[in-house]
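Colleague: I am new to this one and would like to go through it with you. Could you show me the structure before I start asking?

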Amino acid sequence: MSVEDHRVWRPSAPPVRSGGRPLTSTVSPWLRWATEAVWFVEHAFERARADARPEEDTRVRIFLIQIVFAGVFVFLAIGAAHAALLTARGSAGAAAVSGALQRADLTDRNGQLLATNITHYGLYVDPAEVWDREAALTQIRRALPDVPESRLRRILNGDRRLIVAPGLTPSERQAVHALALGGVSFEPEDRRVYPLNRSGAHVIGTADTGGQGVSGAALAFNDEIRTAGAQARDFALSIDLRVQGVLENELAATATEAGAKGAVGVVADARTGEILGMASWPAYDANRRGSASDDASLNRVTSAHYEMGSVFKTFTVAAALETGLADLDTMIDASEAYMIGNRRISDFHATNKILSLEDVYLHSSNIGTSRLAVEMGADTMRRYFQSLGLLDAAPIELRESARPRRPRDWSDSTRASLSFGYGIMITPLQMTAATVALVNGGLYRPLSLRRGGTGDQGRRVVSTGTSAAMRQLMRANVLRGSGGQADAAGLRVGGKTGSANKLVDGRYDPSRGVGSFAAVFPTDGPETTRRYVVFVLIDEPSQGSRLGGAIAAPVVGRVADRIAGFLGVTRRADPPILAGVAR
Amino acid sequence: MTRNPVQRLFGWKIRSVRWIEVIGLVCVGAMVFSVYVAKAAAARESVAIGQLEREIAENRQRVRLLRAEAARLEQPGRLEGLSRAAGLGPVGMNRQADESALAGLKPVSVPVKPPAAPAAPVGDAVPPLVPAVAASAEVPR
């Protein structure tokens with residue numbers, strides 16, 4: 001038998017690794033040390049009694065407990081002082097940013113509001129607290145005529161609290177609140193509101209009640225809008241509301257006057273690819289998208305396909321210039337109809353003479369461009385159409401951007417049709433992107449609704465020389481060709497008209513046409529000049545002329561005239577260089 | 001027996017109560033009181049901050065509402081409709097000029113010295129009124 005002396009605490013020796021070692025030494029030598037220390041304290045009373053100093057036992061215990069408590073309190077005090085004084089502001093318990101939203105406010109490039117979240121209210125009624133149900137029904141119906149009577153009556157005669165109407169505006173809430181009815185309560189709910197109603201409805205798009213975008217920019221930038229909302233920031237689009245307003249108003253006025261089925265307008269910055277205005281007529285009220293017809297909710301800019309007619313001659317002529325097949329002075333025989341097999345191609349404005357390439361463009365000669373297309377060959381033409389984005393969906397953030405209806409083959413006859421805009425159906429956005437590439441020095445860039453553009457350097461489709469020649473040709477077409485009505489004073493507008501009949505039941509119906517005009521201004525100046533592309537298309541005008549030069553070109557002229565000031569385009573007379581182009 | 005300083009400190013008594021305990025109680029009391037004062041002040045400020053935050057949130061809602069209302073009222077389509085109803089329209093290019101062109105639009109009038117000899121009737125001294133904008137600016141488009 002052995003007696004352990006507890007008067008002296010001896011830290012144990014390091015554990016020896018053997019088969020019969022205790023659990024503490026197996027787990028940790030420190031645990032064993034702590035166990036023995038506690039054991040030492042517990043035996044303090046016995047040691048004191050053994051030393052004949054029983055009073056010290058209590059003191060030692062109290063002192064030790066004081067030490068422990070003091071240590072804990074000091075630790076807590078230091079922690080509290082550190083948390084109170086030294087923690088960075090906003091980092092503790094401030095996970096949510098002040099003013100955070102489910103979706104950010106959408107603005108135009110200048111900060112004008114396009115879409116926002118406003119707190120609406122759900123109206124709830126608890127029938128158990130309603131004193132006079134008939135009076136309540138009458139008064140609520142008077143304040144909110146849109147609430148169905150049957151629903152309200154069913155809730156008032158029910159036995160539990162139910163929602164009567166969601167999405168009350170603050171003024172509607174106030175009107176019901178002022179009735180001072182018992183059992184009526186409101187619960188706030190966040191709702192997306194489009195203060196511009198119809199203006200920009202297609203491009204802005206809408207979001208559902210769950211805060212997810214379902215169309216337009218709201219869908220295209222869904223994640224970024226939600227992120228910006230969480231950070232209480234606005235999200236800016238490239239749209240300029242002033243340009244958008246002018247475009248929509250001029251388009252609606254012309255389309256209404258002409259009794260058109262639809263109309264399309266796009267304004268783009270040729271240097272950056274930013275869309276400044278995008279209008280599709282008819283439009284719908286974005287706050288009532290559910291009640292909009294399919295026709296109104298269709299964004300014709302991105303999703304409608306058209307055979308656009310002679311505006312395609314710009315691409316044919318550009319390809320001919322770029323490949324060296326022709327220059328502006330090359331003479332092309334348009335003195336008689338051009339036969340491809342049994343097919344006879346003639347001119348709408350027949351000149352019956354040999355024309356230079358410039359005159360082919362200015363007189364919009366189908367014969368001339370058909371001859372170019374046939375001579376060019378299938379591979380070359382397909383390559384240029386491909387590089388101008390005419391065979392693929394227009395690159396833009398909008399998910400609605402539709403793929404074109406491409407030609408089935410690239411035979412001589414098909415190429416002839418393609419050269420003057422038949423046999424291929426593209427979206428107005430594709431036309432805008434291709435025109436931008438031809439006039440900005442020859443770089444094809446994705447169009448963008450992001451303020452500042454995508455920053456994409458783009459790919460070269462034609463040389464700067466060809467691009468300059470195309471601008472001069474387009475300007476000459478406005479001065480002396482079919483686009484005269486687009487000539488806004490001092491803005492050096494250039495462009496190409498397009499007129500096409502629609503294919504109905506396998507035949508081109510002359511009573512259903514599409515008139516379009518693809519324009520750029522200003523046409524002069526170096527490659528770095530800020531230029532703007534305007535494309536307007538009127539779909540099936542029923543009154544007046546259906547020709548692009550008569551119905552679409554005037555719209556472009558008025559739009560350019562009115563937006564030039566917003567865009568900072570200086571007006572001045574045509575530069576003398578154009579006299580040289582005119583030969 | 002020699003006592004160390006700690007033992008002397010604990011042995012320092014008044015009416016059989018250790019001074020160290022009295023001092024400790026006073027310190028604890030002071031600390032409790034100061035914590036109470038600090039907590040009360042913090043609670044007051046917390047209430048004030050809560051009130052301000054509620055007001056900020058309400059004002060933010062009102063700002064959003066007013067901003068949306070302003071956007072609705074100022075939308076270009078509505079303004080153009082109102083302007084056209086009032087007989088207004090876009091200003092023609094030939095009626096526009098920047099600052100540098102102002103001098104060319106209106107000739108600079110040279111002040112005429114009044115004659116020293118008998119003054120002319122007041123009516124003759126008034127220079128003829130020249131239209132502010134030259135006739136060219138009124139050419140209809």
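Colleague: How many salt bridges are there between chain B and chain A?

Modeller: This is a predicted model, and in it the count between chain B and chain A is four salt bridges. In one salt bridge, the side chains of B:Arg67 and A:Asp105 meet at 3.0 Å, N to O.

Colleague: Which elements give two or more residues to the side of chain B that touches chain A?

Modeller: Those elements are H2 and helix H3 (76-85) of chain B. H2(B) gives the most, with eight residues.

Colleague: And by class, what does that side of chain B have?

Modeller: It has six nonpolar, four polar and eight charged residues.

Colleague: What area do the two chains bury between them?

Modeller: Chain B and chain A bury about 1,900 Å² between them, with 50% of it on carbon and sulfur atoms. On the chain B side, B:Arg64, B:Arg67 and B:Met93 supply 31% of the area buried against chain A, more than any other three residues. The contact takes 18 residues from chain B and 27 residues from chain A.

Colleague: Back to H2(B). How many residues has that helix, and what distance does it reach?

Modeller: Helix H2 of chain B covers residues 19-73, which is 55 residues. From first C-alpha to last it reaches 79 Å, close to the 81 Å expected at 1.5 Å a residue.

Colleague: Which of its residues are buried?

Modeller: The buried residues of H2(B) are B:Arg64, B:Ala68 and B:Ala71. Strand S2 (113-125) of chain A is included in what covers them.

Colleague: Which salt bridge is there within that helix?

Modeller: One pair is B:Glu69 with B:Arg72, whose closest N and O atoms are 3.0 Å apart. Both lie in helix H2 of chain B, three residues apart, about one turn of the helix. Residues three or four places apart in an α-helix point the same way, because there are 3.6 residues a turn.

Colleague: Is B:Glu69 buried or partly exposed?

Modeller: B:Glu69 is partly exposed, at a relative accessible area of 35%. B:Arg72 is partly exposed too, at 32%.

Colleague: Why does A:Lys502 count as buried?

Modeller: A:Lys502 counts as buried because its relative accessibility is 17%, under the 20% cut-off. A:Glu540 is buried as well, with a relative accessible area of 17%.

Technical notes. Residues are numbered from 1 along each chain as its sequence is written. Chains are lettered from A and ligands numbered from 1 in the order in which they are written. This is a predicted model: local features need pLDDT of at least 70, side-chain atom pairs count only at pLDDT 80 or more; totals for chains, interfaces and linings use all residues. Side-chain values use heavy atoms; hydrogens and water are left out. Helices (H or I, at least four residues) and strands (E, at least two) are DSSP runs, numbered from the N terminus. The expected span of a helix is 1.5 Å times one less than its number of residues. Buried means under 20% relative accessible area, exposed over 50%, partly exposed in between (1.4 Å probe, protein chains only). Contact means heavy atoms within 4.5 Å. Buried area is the accessible area (1.4 Å probe) that two parts lose on being put together, summed over both. Ala, Val, Leu, Ile, Met, Phe, Trp, Tyr, Cys and Pro count as nonpolar, Asp, Glu, Lys and Arg as charged, and the others, Gly among them, as polar.
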